[in-house]
Amino acid sequence: MRRSATQAPTPDPSAGTRAARLRRGCVLAAPPVVAAAVFLAVFASVRNELPAQLATHVGEDGRADDFTGRGTFVLAAVLSLFGLGAVFGTTARFTSGVRQATAAPRLLLAVGAGTIALVGYLAVMLLFANSGAADPAAVRFSDWQIAAAAATGAAAGALAWFTAGPDPVAADQDIPAGEGERLPLRPGEQIVWTRTVTAPGMWAAGAITCAGLTALGAFAGWWLLALAVPLGLLFAATGRVRVTADARGLTVTPAGLRAPRVHVPLDEIASAATRPVRAVRDFGGWGYRARAGARGVILRSGDALAVSQASGGTFLVTVDDATTAAATLNALADRERRPTAG
């Protein structure tokens with residue numbers, strides 16, 4: 001009796017992709033919904049014990065010094081939670097189009113969930129603090145509640161990180177720099193190419209971050225105000241960088257500063273060329289970025305200097321006149337590799 005062989009069904013890779021997208025969609029949508037549901041449930045349970053005016057701000061002496069109507073506070077809290085969800089959702093919409101592997105979408109989910117959980121905890125804390133208060137001016141806030149809010153945010157972020165799973169690895173991870181032009185160099189001739197790159201978007205992001213931390217610090221305490229200053233300086237430093245190609249190799253530093261810097265030595269440069277870069281689609285955002293097979297300083301979309309390293313991988317930096325920078329590095333690297341006559 002003859003038996004016919006049956007072919008095993010071929011796994012459908014798109015099914016795994018759909019499942020991953022569904023899982024990440026849930027991780028993105030759940031935090032504002034859960035936080036708002038918990039907040040409204042707590043509000044319903046303590047509503048009859050709340051004063052008409054809620055203490056919503058505490059001064060340095062620990063005493064309440066600002067008050068908000070009960071209905072206004074509830075509306076503002078719910079809108080804040082869903083507003084944060086909309087901001088992170090919109091950002092995820094742009095970064096979800098990244099073709100290559102990048103940590104940005106997973107990290108974005110974790111940061112979004114943690115931020116929403118922190119804000120939700122603070123809103124619930126205010127309800128409990130005001131519950132049963134005959135005089136809102138007598139309400140006190142404990143410092144440990146801020147630490148508990150931060151711990152809640154960290155736990156929610158960690159849960160979102162692990163639930164989202166690893167970022168998908170695309171097949172086209174490599175970013176070949178290819179072969180670029182070469183500047184003609186005479187024996188012993190020295191050449192230096194340098195250019196500054198400005199990213200107003202980084203400054204804007206820094207200003208928004210500082211403003212948000214300052215506003216939150218007015219309630220949470222001075223430590224957030226202290227955090228806003230170094231963050232503002234960090235954004236200011238990374239919003240303008242100097243790119244230099246010379247006999248040492250390729251160097252990228254914040255304009256006017258010597259550190260921190262990124263340096264690719266000349267003997268590590270296999271070749272240099274230019275290539276177009278889309279900041280969000282290729283690297284998931286702006287700043288110092290890393291993904292499989294490549295890293296770089298991405299301050300905008302457009303032409304980038306792409307350096308193939310002898311040890312593997314590609315370093316990129318978006319800069320004007322990248323063609324001349326690549327030609328400079330190729331000429332210097334060729335001379336470095338050329339054997340010296342004995």
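**View 1. The loop that holds Asp321.** Asp321 is found in the loop between β11 (314-318) and α8 (322-337), where helices (H or I, at least four residues) and strands (E, at least two) are DSSP runs numbered from the N terminus. This is a predicted model, in which local features need pLDDT of at least 70, side-chain atom pairs count only at pLDDT 80 or more, and totals for chains, interfaces and linings use all residues. Residues are numbered from 1 along each chain as its sequence is written, and side-chain values use heavy atoms, with hydrogens and water left out. Although Asp321 is not a glycine, it has a positive phi of about 55 degrees. Most residues other than glycine have a negative phi.

**View 2. The open sheet of five strands.** The strand order is β7-β10-β11-β9-β8, with mixed pairing; two strands pair if DSSP finds at least two bridges between them. β7 and β8 (287-291) are the edge strands, each pairing on one side only. β7 and β10 pair in the antiparallel sense over eight bridges, and the bridge partner of Ala272 in β10 is Val307.

**View 3. The largest nonpolar core.** A nonpolar core is a set of buried (under 20% relative accessible area, 1.4 Å probe, protein chains only) Ala, Val, Leu, Ile, Met, Phe, Trp, Tyr and Cys residues joined through side-chain atoms within 4.5 Å. The largest one has 26 residues, and those with the most contacts inside it include Val243, Val307 and Leu329. α8 gives the most to this core, with six residues.

Methods. Buried < 20%, exposed > 50% of the residue type's maximum accessible area, 1.4 Å probe, protein only.
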